[in-house]
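Take a look at the structure below. This briefing walks through a few of its local features, one topic at a time.

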Amino acid sequence: MTDYGHDLLFGAFVTPAAEPAQRAVELTVAAEDAGLDLVTFQDHPYQPRLHDAWTLLSYAAARTRRIRLAGNVLNLPLRPPAVLARSVATLDRLSGGRIELGIGAGGFRDAIAAMGGARLTPGESVAALAEGIEIIRQVWDADRPGPVSVAGTHHRVVGAKRGPAPAHDVRIWVGAYKPRMLRLIGRAADGALPSLAYLPGGITDLAELNRHIDTGAEAAGRDPGAVRRLLNVSGRFAPTGRAFLDGPAEQWAEDLAGLTLEYGMSAFVLSSDNPDVLRRFAAEVAPATRELVAGERPERL
Amino acid sequence: MVLQIGALLTAGAAAGLAAHAETLGYDLVAVTGAADGPDAWTALSWVAARTRRAGLVAVLPRPPRLPAVLGHAAATLDALSGGRLTVAVGGPAGELAATLDAVRGVPLWVTGDDPGSADLAGRRADGLLTPLPAAVPAALPAAASAGASAAGSAPAASAAHAAAASAAHVAAAEAAVAAGRGAVAVRRVVVVPAGAAAADVLPLAADVVLVAAGDAAGLDRFAAEVAPALRAAPAAAGAPARRRPGIDRDAVPASLTAVAPGDPDYPRVRNTYLRGGRPGIVLRASSAAAVADALAFAAAHPDLPFGVRSGGHGISGRSTNHGGIVLDVGALNAVEVLDERRRLIRVGPGARWGEVARALHPYGWALSSGDYGGVGVGGLATAGGIGWLARRHGLTIDHLRAAEVVLADGRTVRADADTHPDLFWAVRGAGGNVGVVTAFEFTADPVGDVGWARFVVGADDPAALLVAWGAAVEAAPRDVSGQLIMGPTRPGRPAYAQLMAMVDNADPDAVVAALTPLAAAGPLYDQQVVMTSYAAVMDNAAPGHHRGSGEPVTRSALVTHLTPEFAAAAAALLAGGAAHWFQIRTVGGAVADVPPDHTAYAHRSANFSVIAMGADAGRLDAAWAGLAPHVDGLYLSFDTRLDRVADAFPPATLARLRDVKRRYDPGALFRDNFSVGDR
Ligand SMILES: Cc1cc2nc3c(=O)[nH]c(=O)nc-3n(C[C@H](O)[C@H](O)[C@H](O)COP(=O)(O)OP(=O)(O)OC[C@H]3O[C@@H](n4cnc5c(N)ncnc54)[C@H](O)[C@@H]3O)c2cc1C
């Protein structure tokens, strides 16, 4: 029963299909017009049927004015952290502070190795991600004197210039499921971004995920509440309720509000390439969920 | 190539200046960035979304750590921008190969002015970008050299730089020629400060001028004061025909649909099956009148490359180009039966041979064509047409009864045995030289079920296999046509060849009898024999637009007999590894029944047509030279050496063809593909 009290975000998880080339861009614009807060793209640079996520994010950011954008999640083994940090900062400045950094340790090891990325064990991936985050934060910390200096095992950036700084405090959200990675999030990241579909036990697994994140945060002397809990979800609008996120919009709102109030989830990223579904999510589900959550949260001072 | 003028911007300034540069008429927006500053790729992706027409150049000072990821990103940005991307990459030449391999389907430039970069650009890239000594353009005061250079006295350092740059461009052109690509394959890209004067820039004889500008004022000044002089200047001495005027899209006649860089369709029309291109404009015509309009438009741009495209499968790839005009008659793709009794059909140049076969099948007919259903009618039926029915039914052109041709002067004429007989003669073997065929009238043949076979045979002794197969083919009845395919032989690996054959005979026993000697040419590893239809065999093409990239490199020859001497030379070619594809098609038979002077395709006595494909023209030529004593002539559909007209056409044919060309295309409007014209 943990609600960390964050404002709620509603986003879209749009397939970055390579063809038709503009489809993902059109959906991004549709998501913005619908009033969603966030658009995200998966990142599989070894998959020719998908666009390169970073290029698409940059392009789509230039075609929108308000909506925030993030990778869901960017593949760190194929995106050297110093380059990634400067890319994110560049785009954050161009877009007026609308970029967040969704990042992950990369799932498909063979595909990553085939593209020239390092083949890491799960344990090494955690260490590599920790080093990556440290490099990214140092690059962004442009006003601090002295160069970037992270002499990691997997990523080594020593003596490079800092900067540019992003336009706003870019949040680092990590796609993760395993205890060590979750503790790392608690220690060093700003959010966790798992997909509900990948949780073997479904919703109830979220408590376990939270516990690891909270442990990591506390061990590092951080407030667990500083770490946003985001969730990729999928669902279906139907006239009558049948299952979790399978029913009318009002039921969706109840389902999601429950996730906020009981599991502390504060961002829901809906996987859909259907503009009508995105519109309903923004117009019907988001306000109703916000209302339900506000009704249950204690008045703030 | 068109002279292009681009704005070279830093990643930090690009978003603010790119749209302005486009409005000022800059052809390109190039974005660069230092490794420890704002990211150039990100800024260029942003710029792509905020511009419409300008070409986009990512100027990467160093090769990326993960070239494959850049390759994927480049495909994305090119697709999102409507095919506007070029990637320029710098760094030690030895470290660039992986990037050149990984980034496919977009033009690539190498950045540098050292010999290694020049050589690499000449061999492998589409341009050589010689940088300013100070690589970061923001460091350049916009007006720094304006005064000095107006007086014609550029500072000594910049004169030295200009000398190094032009030496590098010369070296790149030489490397390109040595690699068999032709000097103009590599664009000369130079960087000049925004304060430069026309007098500074003209001697550089550049194809692309990138103006390093730090602010709008610099861009404004160059656009207003220097660009017009550059565009108006004639080709500089020593750089003949490199500089060409732009294309005025607004002047395109209304009968045509234009597709230019930046249009959503552009990525689908820029390339051909085998060759990557970036035409300045593709004009789609759907009537003979529209073709005439397109020819007038092309004639108004005499210095631009001009390609004619039907199905886009030309092996020399001249139905695309870089910066020029392409006339696409793919929409003229009807297949009609004119007279069922005489089996007379009318086919548009844009039809594909698979479609033609499918349309004729219900009548029990077939028309001898090539081996691949995706190939267009226009290119093949103007060159020859060597396919699965050749030995029984002759070449495709041997079935041509008349052609509707739009001539260089815009007239549409009918060419047949009685009207314009010379033109009719030329169309059959050298059609690309004399006009644009907008309709073909053919007589089809009655063709029933056919036998269709594929064998895989051992080729540990490739020479013996070739001799045995050649003899079996020559001894086979005319029903049998086919081909042999081999790849490079690798030590320690079992070598094999694929043999394919069609038997135009509906009797399965006759098919087996005809095929048995062929299959015995080598130890049989695998076999597949079916009774089927010509249309089913030709239903072998993948749909979708063309994704060719780079420059194809092929060599063609015609051979009378596969003698032991020829076979030994071919085996040596395969062992050397310079050819990754080696194929022999059967001709002879009915093809040889037609006298050599009857059509502009004159190689009637050959029994075999040979093609080899390689990656490196220099290496392939060295290997191919071994075959020369044993072969004769070439089939222009199968060769990328555009200047080998004397091999494509024997002396008497060439003389007559030149005469026809002088009369029907005196200005050599059709000059991009094995031109026999004077230009
Ligand atoms: C996979 C493949 C298999 C092939 N197999 C065979 C084969 O078995 N037998 C064979 O003979 N050839 C074969 N070819 C070669 C083919 O015949 C030629 O490349 C032919 O030019 C392709 O025609 P197209 O219309 O598709 O090509 P395009 O690229 O559109 O045109 C090629 C050239 O033909 C000329 N041209 C095109 N249209 C016209 C027109 N309407 N009027 C006048 N000139 C025109 C132009 O010079 C142009 O550059 C093959 C090619 C490929 C790629």
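**Strand pairing in chain B**

Strand β14 (residues 344–347) of chain B runs antiparallel to β18(B), and four bridges join the two. The model is predicted.

*Around strand β18(B)*
- Strand β18 (residues 436–443) of chain B is mostly covered, with eight of its eight residues buried.

*B:Leu654*
- B:Leu654 sits in helix α23 (residues 651–664) of chain B.
- B:Leu654 counts as buried because its relative accessibility is 9%, and the cut-off for buried is under 20%.
- Beyond its neighbours within four places in sequence, B:Leu654 is in contact with B:Val645, B:Ala646, B:Phe649 and B:Val676.
- B:Ala600 lies 54 residues from B:Leu654 in sequence, yet their C-alpha atoms are 8.3 Å apart in space.

*Two helices in chain A*
- Helix α3 (residues 81–94) and helix α5 (residues 122–140) of chain A pack at an angle of about 45 degrees, with axes 8 Å apart.
- That angle makes α3(A) oblique to α5(A).
- Their crossing is right-handed.
- Residues making the contact include A:Leu84 and A:Val88 of α3(A), and A:Ile135 and A:Trp140 of α5(A).
- By class, the contact of α3(A) with α5(A) has 10 nonpolar, one polar and one charged residues.

Technical notes: Residues numbered from 1 in each chain as written. Chains lettered and ligands numbered in written order. Predicted model: local features only at pLDDT ≥ 70, side-chain atom pairs only at ≥ 80, totals over all residues. Heavy atoms only, no water. Buried < 20%, exposed > 50% of the residue type's maximum accessible area, 1.4 Å probe, protein only. Contact = heavy atoms within 4.5 Å. Axes fitted to C-alpha atoms, helices over the stretch in contact; angles between N-to-C directions. Parallel < 35°, antiparallel > 145°, perpendicular 65-115°, else oblique. Left-handed = near helix turned anticlockwise from the far one by under 90°. Nonpolar A, V, L, I, M, F, W, Y, C, P; charged D, E, K, R; others polar. Pairing = 2+ DSSP bridges.
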